[in-house]
Amino acid sequence: MPEFTYLEAIRAGLAEEMRRDKSVYIFGEDVALGGPFGVTQGIADKFGLHRVVNTPISEGTVMGLAIGAALAGLRPVVEIMFIDFITLAMDQLVNHAAKLHYISGGQLKVPLTVRVQCGISGTMGAHHSQSLEAWLAHVPGLKVVMPANSADAKGLLQSSIRDDNPVVFVEHRGLYWTKGEVPDGERVVPIGKAAVLRSGDQLTIVALSSMVAPALAAAEDLAQEGISAEVIDPRSIAPLDVDTIVGSVKKTGRMIIVHEAVEQGGIGAEIAARIQQEAFYYLDSPIVRVAAPFAPIPASPALETAFLPGKERIIEAARRAFAP
Amino acid sequence: MTRKDPANFVDLLRRMWLIRAFEEKASALYAERQIVGLLHLGIGQEAVAVGACSLLRRDDFIFGGHRSHGHAIAAGADVNKLMAEIAGRATGYCGGKGGSMHIVARETGFITATGVVGGTIPLALGGAFAAKEKKRRQVAAVFFGDGAGQAGPFHESLNIASLWRLPVIFVCENNGYAEFTPLSAHTKIERLAQHAKTYGIPASTVDGNDLFAVREAMSDAVEKCRAAEGPVFVECLTHRLRGHYEGDPAKYRELSQLAEWKKKDPIARVAAALKKQKVISDKDLESIEREARELIEKAAAFALSSPWPAPDEVNRQVYA
């Protein structure tokens, strides 16, 4: 299988969908020029400036425009350059994109994909590093996906674009240059289906996006300590594949949830609640969350390191889960 | 009335009466608590809705705001389904899930309204973008009030529409009040058309209570948009004769001001013009009003005798 960086996989997914379906359009700041990280590099050359549309810095209005275009029969992909700026587009996303199918009694559909990158990478500070996916997952009508590797990035993006609902496709900037195998040809990854990345029978580690790699590394180390950990990447947080996680916890009896977002009100809280509802009597110890502290993201590299969860904290949490 | 305007003004008068009767009935049902929630009526603004929509096609994209019963009826919405919708019934346009502020009558071209002031202005840009790409000479039109003119998306939208020459018509219903506050307390800009000119968009300000004037301005606007000449802004000066919402005593408004505007009632003005031209008699006028009220009585009876949505609808249609 060919190797792609995560970023190249996204670009390949975009190009395949644009080739397959003439109603797919890209809107965003600098998208025709490739954007700050080069994700859309060369797409405008292939498909023309009328389909790869550079927009002014007007996130809210561009989001509304894309929703309107979706209502009128196009299949827009909007790029919000940093998830921190999705705040400016939340009105349109929450009040129109998410609700119009429901409040129109099914008369309208909003086949919209919002590509946005999030997370800590490159010490960019409080307005270029956040993980805000839990806000989005709280909104009925939105789908939210967070691929953690190249194959899922391409396959989930293709599913997102083909979906008749608004899907927020949350990329992680820190993963852009990581490499992974991507199957040749069409391999669409379904939205709402978790991936079991490592089998184990004593501990379930649910990890999202940038935290998947540290979780796998932690599981490897834990195996040396004699702890057999199963690692699950939900890949989608709305809808969430609760069944796969429940099945795993029924087998292992212990669970850690890992995400880069702030712990309080994070998606880990929802996952924990669902597990205690459906698998309470299978749990041998309290569910442990590994996530960022309740603080804005600091600029100093020293503080950023203190902020970011990683392998060591996952291993500590695992030991806590097994503490007598 | 301009001589060259080929419209059937008797039909347009009928449409204005249908809106007036609909909203007066909705107001009465609201007072009886047969309709609940928030009800924003546009009584007194019918000339803008009918003047504008009478120039649009069913395959155009029409967007409203929170005060949009009139726009939907002007676009051709079924008054039975509309009344049922605002009464929260299963037979309503949206099965009772939308209500007064979220009307969708897709088959008429009336795409959607919104509860957020100015919220549909960007959506209309999207309709216009799609129209431009499809090259079928469709246009988008969006209705909003003077209160939207101080919101960010309004300015962002004027900028983008101008930049990309989108076939969108901005129909500003300047009724002088943003909720309870007069425009003069919110901005130094007296005519919102001025903003459009700043962004390089052709704009005019017309008497929004004069159906003929609205049609003339809209006719030019639609022609320009269909000819791919870019967006147009039409500011219609008007007044709502009711409060911001039903139940609002509107104490912020002088009674003398209300009386002044009642003299400029857009329906009476069309009726007087048609009578003067001997197109129509007093008897005809009476029957137009009576027929409208009868249709609306039937719509109300249909709505109130319709079933409520089933409880299991509550989480259906969350996703398409």
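User: In which loop of chain B does A228(B) lie?

Analyst: The model is a predicted one. In it, A228(B) is not a glycine, yet its phi is positive, about 60 degrees. With 14 C-beta neighbours inside 10 Å, A228(B) counts as partly exposed. Its place is the loop between α8 (211-226) and β8 (232-237) of chain B.

User: Which residue follows α1(B)?

Analyst: Helix α1 of chain B runs over residues 9-31 and has 23 residues. From first C-alpha to last it reaches 33 Å, close to the 33 Å expected at 1.5 Å a residue. The residue that follows α1(B) has a positive phi, near 60 degrees, and is R33(B).

User: Is D30(A) buried, partly exposed or exposed?

Analyst: D30(A) is found in the loop between β2 (24-28) and α2 (43-47) of chain A. Its phi is positive, about 65 degrees, although D30(A) is not a glycine. Most residues other than glycine have a negative phi. Since 14 other C-beta atoms lie within 10 Å, D30(A) is partly exposed.

User: Where in chain A is P239(A) found?

Analyst: The peptide bond from A238(A) to P239(A) is cis, with omega near -5 degrees. Most peptide bonds, by contrast, are trans. P239(A) is found in the loop between β12 and α9 of chain A.

User: How many helices and strands are there in chain A, and what is its radius of gyration?

Analyst: Chain A has 12 helices and 14 strands. For its 324 residues the globule rule gives 20 Å, and the radius of gyration is close to this, so chain A is as compact as a globular protein of that length. Along the principal axes, the C-alpha atoms fill a box of roughly 60 × 45 × 40 Å. The radius of gyration of chain A is 19 Å.

User: What percentage of the residues of chain A count as buried?

Analyst: Among contacts in chain A with a separation of 6 or more, 80% come from residues 24 or more positions apart. Of the 324 residues of chain A, the part that counts as buried is 56%.

User: Which elements give two or more residues to the side of domain 1 of chain A that touches domain 2 of chain A?

Analyst: The domain assignment divides chain A into domain 1 (3-181) and domain 2 (195-322). Contact between them involves 24 residues of domain 1 and 22 residues of domain 2. The side of domain 1 that touches domain 2 is made of 13 nonpolar, 8 polar and 3 charged residues. The elements that give two or more residues to this side are α6 (133-137), β6 (143-145), α7 (150-162) and β7 (167-172) of chain A.

User: Is V168(A) buried or exposed?

Analyst: V168(A) belongs to strand β7 of chain A. Leaving aside neighbours within four places in sequence, V168(A) is in contact with V114(A), V116(A), L136(A), L142(A) and V144(A). Because 30 other C-beta atoms lie within 10 Å and a residue with 20 or more is buried, V168(A) is buried.

User: Why are the buried residues of α10(A) on the same side of the helix?

Analyst: In α10(A), the buried residues are I267(A), G268(A), I271(A), I275(A) and A279(A). On the other side of α10(A), A273(A) and Q277(A) are exposed. An α-helix has 3.6 residues a turn, so residues three or four places apart point the same way.

User: What do the buried residues of α10(A) pack against?

Analyst: Helix α10 of chain A has 13 residues, which should span 18 Å at 1.5 Å a residue, and its end C-alpha atoms are 18 Å apart, in agreement. Its buried residues pack against α6, β10 (203-207), β12 (236-238), α9 (242-252), β13 (255-262) and β14 (288-292) of chain A.

User: Which element gives the most to the side of chain A that touches chain B?

Analyst: The contact takes 32 residues from chain A and 32 residues from chain B. On the side of chain A, 13 residues are nonpolar, 16 polar and 3 charged. Elements giving two or more residues to this side are α3 (59-71), α4 (90-97) and α5 (100-103) of chain A. The element that gives the most, with 9 residues, is α3(A).

How values were computed
Residues numbered from 1 in each chain as written. Chains lettered and ligands numbered in written order. Predicted model: local features only at pLDDT ≥ 70, side-chain atom pairs only at ≥ 80, totals over all residues. Domains from an automatic or database assignment. Contact = placed C-beta atoms within 7 Å. Helix = DSSP H or I, 4+ residues; strand = E, 2+ residues; numbered from the N terminus. Nonpolar A, V, L, I, M, F, W, Y, C, P; charged D, E, K, R; others polar. Expected span 1.5 Å × (residues − 1). Buried ≥ 20, exposed ≤ 12 C-beta atoms within 10 Å, placed from the backbone. Rg over C-alpha atoms; globule rule 2.2 N^0.38 Å.
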